[in-house]
Amino acid sequence: MIDTLKEHLQRYPQMQGQDIIKLCFQNEFGCEHMLHNQQKSLQRIIDESQSLSKQAIRVELIGNGFARLYFGHLTTDEAYTLHQLFAWTARTYQGNTDTFIHKLEECQKWLNDEAIHQEMDQYLKNGIYPISHSEHYHEEYDPHYRVIRADLAFCFPLFLKINQLQAEKETLLIAIDGKCGSGKTTLAGLLNEVYQGNVFHMDDFFLQPHQRSSKRLEMPGENVDHERFLKEVLKPLSQQQNILYQPFDCSIMQLSDHKETVPFHAINFIEGTYSLHPDLIDYYDLKIITTIDDKTQMEHILKRNGPDLAKKFKEIWIPLENNYFKQLDIFSKADIRCSTKNNHVDILP
């Protein structure tokens with residue numbers, strides 16, 4: 001909490017005791033106290049934004065996995081998306097009163113300011129409750145934001161684009177391709193947490209031993225059974241059918257003994273390298289690429305897979321992937337490019 005407070009005092013030197021209490025409250029409780037009526041909550045965002053000038057959405061971390069998402073004048077789609085993430089944050093997190101009190105006491109000790117000590121003590125005597133910014137803070141900084149989970153806040157442009165596509169199409173197929181270790185699976189899981197659709201993994205369509213000929217692997221993008229994925233997943237999805245497929249099991253290096261049955265859903269995420277293979281790419285409504293620098297990539301793979309598999313990634317799988325990206329110019333085909341170097345999703349220009 002102290003590191004977060006230091007950052008905010010540097011950024012907002014006119015913070016009052018009231019604003020410090022509010023920062024601690026948001027750091028612990030997020031926005032759980034602010035969502036009683038969804039329609040009214042959305043309308044408040046719309047009304048608040050109408051008097052503001054247009055400005056880019058800005059994410060400001062406040063610690064404990066939360067962020068303030070600042071906004072200016074919003075379109076209808078932007079207001080809906082902001083409220084969607086705000087409401088999801090409120091539904092999926094609850095703070096702890098004792099932890100909040102501990103954070104306040106920690107700040108009291110570090111600040112060593114008698115006036116702020118008294119203000120915090122009086123606040124606690126009156127009971128724990130949501131508090132507004134001070135009038136002085138409003139005059140100095142004119143804050144307009146909502147508190148949202150930081151991982152969701154950084155992905156605001158992705159949620160906005162998906163919402164816009166949902167308004168146009170009955171079914172969405174969204175591909176997340178990119179370098180191994182760059183967060184494709186994590187990003188698919190995050191997006192699907194909100195949309196509650198289906199996630200399919202290209203790893204389930206790893207080549208069977210009899211398919212791994214040297215001739216095939218010399219061709220860019222052929223280190224996956226894209227033929228089977230097209231037949232068993234993409235074509236049925238495009239026809240709004242349920243999915244039945246047999247995943248590849250890496251532990252036995254062959255197809256699993258069981259088959260997966262996946263009911264059709266209107267929104268589907270396909271994650272994994274080679275998901276934008278030329279034979280598959282035209283089926284997607286949105287194409288996302290994740291990237292990461294080589295050093296951080298190997299750090300992630302080593303942590304995730306251990307040294308033995310990391311060696312295979314470095315010597316076999318990464319060169320095959322890089323050849324696919326380069327020879328087929330995959331990165332240029334993406335609608336949205338993301339970097340995950342900083343432990344969150346940054347949307348690249």
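**Contacts, Burial and Bridges in a Predicted Chain**

Visitor: Which residues does Ile 2 touch, not counting residues up to four places away in sequence?
Guide: Leaving aside residues up to four places away in sequence, Ile 2 touches Glu 106, Cys 107 and Trp 110. A contact means heavy atoms within 4.5 Å. The model is a predicted one, in which local features need pLDDT of at least 70 and side-chain atom pairs count only at pLDDT 80 or more, while totals for chains, interfaces and linings use all residues. Residues are numbered from 1 along each chain as its sequence is written, and side-chain values use heavy atoms, with hydrogens and water left out.

Visitor: Why is Ile 2 called buried?
Guide: A residue is buried under 20% relative accessible area, exposed over 50% and partly exposed in between, with a 1.4 Å probe and protein chains only. Ile 2 has a relative accessible area of 12%, so the term buried applies. Ile 2 lies in helix 1; helices are DSSP runs of H or I with at least four residues, strands are runs of E with at least two, and both are numbered from the N terminus.

Visitor: How far apart are Ile 2 and Lys 103 in sequence and in space?
Guide: They are 101 residues apart in sequence, and their C-alpha atoms are 8.5 Å apart. Lys 312 and Leu 111, by contrast, are 201 residues apart in sequence and 52 Å apart in space, C-alpha to C-alpha. Lys 312 is found in helix 13.

Visitor: Why is Lys 312 called partly exposed?
Guide: Its relative accessible area is 43%.

Visitor: What makes Glu 193 and Arg 149 a salt bridge?
Guide: The term requires a side-chain nitrogen of Lys or Arg within 4 Å of a carboxyl oxygen of Asp or Glu. The closest N and O atoms of Glu 193 and Arg 149 are 2.7 Å apart, so the pair qualifies. Glu 193 belongs to helix 10 (residues 184-195) and Arg 149 to strand 3 (residues 145-149), so the bridge ties together parts that are 44 residues apart in sequence. Glu 193 is partly exposed at 23% relative accessible area, whereas Arg 149 is buried at 14%.

Visitor: What separates Glu 232 and Arg 228 in helix 12?
Guide: They are four residues apart in helix 12 (residues 226-238), which means a separation of about one helical turn. Glu 232 and Arg 228 form a salt bridge, with the closest N and O atoms 3.2 Å apart. Arg 228 is buried, with a relative accessible area of 10%.

Visitor: How many salt bridges does a search of the whole structure find?
Guide: The search finds 17. A network of salt bridges links Arg 11, Arg 58, Glu 60 and Arg 68.

Visitor: Why is the aromatic pair of Tyr 12 and Tyr 137 called tilted?
Guide: Rings of Phe, Tyr and Trp (its six-membered ring) pair if their centres lie within 6.5 Å; planes under 30 degrees apart are stacked, over 60 edge-to-face, and the rest tilted. By this rule the count comes to 21 aromatic pairs. For Tyr 12 and Tyr 137 the centres are 5.6 Å apart and the planes are at 55°, so the rings pair and are tilted. Tyr 12 lies in the loop between helix 1 (2-11) and helix 2 (17-29) and Tyr 137 in helix 7 (residues 135-141), so the pair ties together parts that are 125 residues apart in sequence. Both are buried: Tyr 12 at 7% and Tyr 137 at 1%.

Visitor: Which residues do ring pairs link into a cluster?
Guide: The cluster consists of Phe 25, Phe 29, Phe 100, Tyr 123 and Tyr 129.

Visitor: How many helices and strands are in the chain?
Guide: The chain has 13 helices and 13 strands. Of its 349 residues, 50% are buried.
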